[in-house]
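Please keep the sequence and the model in view while reading.

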Amino acid sequence: MKRTNEQNTKFHALVALRKLDKEDKQALVLECSGGRVSSSADMTVEEMALAIQILDSEQTASLKKMRAKIINIARDIFDLKPKDDWKQEHYDRLNKFLIKKFKAPLHKLLYRQLIDACTAMESWHSSAMKKIVNDLLNGI
């Protein structure tokens, strides 16, 4: 049975989100169809489901990596050592910043927002480091 319209919409949204080029998309289609077809238009429901599952799992992994990166930058800003526990108060401070900047807490940010949030966190970190250096220099 040929793929559904719903699958088609989700597949192409994930392809666009992952920024797959024509060759990567074709390779995914070939992989999921066992080499049977090279165009997503000819995929079966089962083959399309597999392709969507692969793209979804890659997306989930990317989201987790971006969230971890943001938390690691925040740990540095909050001067937490690796052995220090990440506590609710830290999430609250981080989420306060993210809500102010992006109108959503960390767990609700979409991939594009996470990229922007990561950049904002790096700026916050840089700003925090400059303040520490200035405080040290002014204290001398």
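Predicted model: local features only at pLDDT ≥ 70, side-chain atom pairs only at ≥ 80, totals over all residues.

Leu-94 illustrates how parts of the chain meet here: leaving aside residues up to four places away in sequence, Leu-94 touches Ile-70, Ile-71, Ala-74, Phe-78, Trp-86, Leu-106 and Met-121. As a general background, nonpolar side chains in soluble globular proteins tend to be buried together.

**The aromatic rings**

The structure contains 4 aromatic pairs. One of them joins Phe-78 and Trp-124 in an edge-to-face arrangement, with 5.8 Å centre to centre and 75° between the planes. Because Phe-78 lies in the loop between α3 and α4 while Trp-124 belongs to helix α5, this pair ties together parts that are 46 residues apart in sequence. Phe-78 has a relative accessible area of 10% and is therefore buried, whereas Trp-124, at 22% relative accessibility, counts as partly exposed; the cut-off for buried is under 20%.

Trp-124 also pairs with Phe-97, and these two rings are stacked, at 4.5 Å centre to centre and 25° between the planes. Since Phe-97 is in helix α4 and Trp-124 in helix α5, the pair ties together parts that are 27 residues apart in sequence. Phe-97 counts as buried, at 17% relative accessibility.

Helix α1 covers residues 5-18; at 1.5 Å a residue, its 14 residues should span 20 Å, and its end C-alpha atoms are 20 Å apart, which agrees. Within α1, the residues Gln-7, Phe-11, Leu-14 and Val-15 are buried. Viewed down the axis of α1, the buried residues fall within an arc of 100°, so they line one face of the helix. An α-helix has 3.6 residues a turn, so residues three or four places apart point the same way.

The face of α1 turned away from the buried side carries the exposed residues Asn-5, Glu-6, Thr-9 and Ala-16. The cover over the buried residues of α1 includes α2 (22-32) and α3. After α1 comes Lys-19, whose phi is positive, near 55°.

Terms used
Residues numbered from 1 in each chain as written. Heavy atoms only, no water. Contact = heavy atoms within 4.5 Å. Phe/Tyr/Trp six-rings, centres within 6.5 Å; stacked < 30°, edge-to-face > 60°. Helix = DSSP H or I, 4+ residues; strand = E, 2+ residues; numbered from the N terminus. Buried < 20%, exposed > 50% of the residue type's maximum accessible area, 1.4 Å probe, protein only. Expected span 1.5 Å × (residues − 1). Arc of directions from axis to C-beta.
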